[in-house]
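Colleague: I am new to this structure and would like to walk through it with you. Could you show it to me first?

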Amino acid sequence: MAGGKTHDFHILNPSPWPLAMSAAMLVMAAGAIGWMHEMAWGQLAFWPGMGGVVACFYFWWRSVVREANGGDHTPVVQLHHRYGMILFIASEVMFFVAWFWAYFNAALYPSSHETVGGVWPPSGIEVLDPFVYPLLNTLILLLSGTTVTWAHHAMIHDDRKGLKQGLWLTVALGLLFSTVQAYEYHHASFGMDSSIYGATFYMATGFHGFHVVVGTIFLMVCLARVYQGDFTSKQHFGFEAAAWYWHFVDVVWLFLFIAIYVWGSNFGAAVLKTAFG
C-alpha cells in the first residue's frame, strides 16, 4: 500500500515529555543549588521541580507502555531497547567505579590525606561491624536475586502465579534492605563529614541504597502491570530490564561489602597486618 509502513522500526509520534522533563529538571537543579547555598528561593523551586520530574516520568513511561501494548515494540525495537539498557547499566558501572576509585585512593595511600593520620581506617573512626547488618543485607540481596530470577522463569513459562509470588518477595526484600540500611546509618558513629572515610563510605553505599530504592520502584511498577494483564512469555522487556537492573544492584553490593565493609574495616586491617606484617 502506498505510504504504508515498510520497516520494523517504530517512528515516535510528537511528544511533549522530553521538553517538559528538561524544564522540570532545570527547575529542580536550580532549586537544589539555591537550597545548598541557603537561598530563600531554593526550596521553593526544588520541590515543584521534583514534582514535575516525577510527573514527567509517569506520563512518559505511560506512553511507552501504551506503545508496547499497541504492538509498536517489534522484535527489532525490542533488540534496540536491550542495547539501550545494556549501555545504561554500563554507564552505572562506571559511576560506581568513580566511588571505588576515590575510596581505594584514600585507603591505599592514607599518608596523602592529612585528615586520616596516615592510617586506614582513620584514627577516631569506629567502623561498622561487617558481619552484622552489612552481612544481613548481603544475604537479603542475594535472596532477592533468586526470587527475581524465579519470577523471570515463571514469566517465560506463563506461570502468572509464580510470577506474582516472585515479584512480591523481591519487592519485600528490597524494602527490607532499605530499612536495614537506614537503621545502620542512624546508628553509625560517623557522618559524611568524618574525614575522607565518611565521605567515600556514604557516597558509595548511599548511592547504592538509592539504586535499590529505584530498583524496588521499578519492580513495583512491573508488579502493577502484571496485575493489569501486561507482559507475555514472548514480550516482557519492561520486566526483563527491571531484572537486569536488580542483578546489577546485587553485584555492586557484593563489591561494596567486600571492599568497604570487610577489607576496609578493622577486621580487614588485622588480616592484612597478619598476612604481610
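Colleague: At what angle do helix α4 and helix α5 cross, and what does that make them to each other?
Modeller: This is a predicted model, in which local features need pLDDT of at least 70, side-chain atom pairs count only at pLDDT 80 or more, and totals for chains, interfaces and linings use all residues. Residues are numbered from 1 along each chain as its sequence is written, and side-chain values use heavy atoms, with hydrogens and water left out. The axes of α4 (residues 133-156) and α5 (residues 160-187) come within 8 Å and cross at roughly 160°; axes are lines fitted to C-alpha atoms, for helices over the stretch in contact, with angles from 0 to 180 degrees between N-to-C directions, and helices (H or I, at least four residues) are DSSP runs numbered from the N terminus. Because angles under 35 degrees count as roughly parallel, over 145 as roughly antiparallel, 65 to 115 as roughly perpendicular and the rest as oblique, α4 and α5 are roughly antiparallel.

Colleague: Which residue classes make up the contact of α4 with α5?
Modeller: Sorting by class, Ala, Val, Leu, Ile, Met, Phe, Trp, Tyr, Cys and Pro count as nonpolar, Asp, Glu, Lys and Arg as charged, and the others, Gly among them, as polar. On that basis, the contact of α4 with α5 has 19 nonpolar, eight polar and one charged residues.

Colleague: Is T170 buried or exposed, and which residues does T170 contact?
Modeller: T170 sits in helix α5. Its relative accessibility is 0%, so T170 counts as buried (buried is under 20% relative accessible area, exposed over 50%, partly exposed in between, with a 1.4 Å probe and protein chains only). Setting aside neighbours within four places in sequence, and taking contact as heavy atoms within 4.5 Å, T170 is in contact with S144, T147, V148, L219 and W246.

Colleague: How are α4 and α7 placed relative to each other?
Modeller: The axes of α4 and α7 come within 10 Å and cross at roughly 160°. Their contact includes 15 nonpolar, seven polar and two charged residues. Given the crossing angle, α4 and α7 are therefore roughly antiparallel.

Colleague: Which residues does Y245 touch?
Modeller: Y245 is found in helix α7, and with a relative accessible area of 5% Y245 is buried. Not counting residues up to four places away in sequence, Y245 touches M85, F88, I89, E92, H211, V214, G215 and F218.

Colleague: Which residues in α6 meet α3?
Modeller: The axes of α3 and α6 (residues 195-227) come within 8 Å and cross at roughly 160°, so α3 and α6 are roughly antiparallel. On the α3 side, the residues are M85, E92, F95, F96, W99, A102, Y103 and A106. Their partners in α6 are I196, Y197, T200, M203, A204, F207, H208, H211 and F218.

Colleague: How many salt bridges does a search of the whole structure find, and which residue forms one with R82?
Modeller: With a salt bridge taken as a side-chain nitrogen of Lys or Arg within 4 Å of a carboxyl oxygen of Asp or Glu, the search finds two. One of them joins R225 and D230, at 3.0 Å from N to O. In the other, the closest N and O atoms are 2.5 Å apart, and the partner of R82 is E240.

Colleague: Where does E240 lie, and is E240 buried or exposed?
Modeller: R82 is in helix α3 (residues 75-108) and E240 in helix α7 (residues 237-263), 158 residues apart. At 23% relative accessibility, R82 counts as partly exposed. E240, with a relative accessible area of 12%, is buried.

Key: Helices (H or I, at least four residues) and strands (E, at least two) are DSSP runs, numbered from the N terminus.
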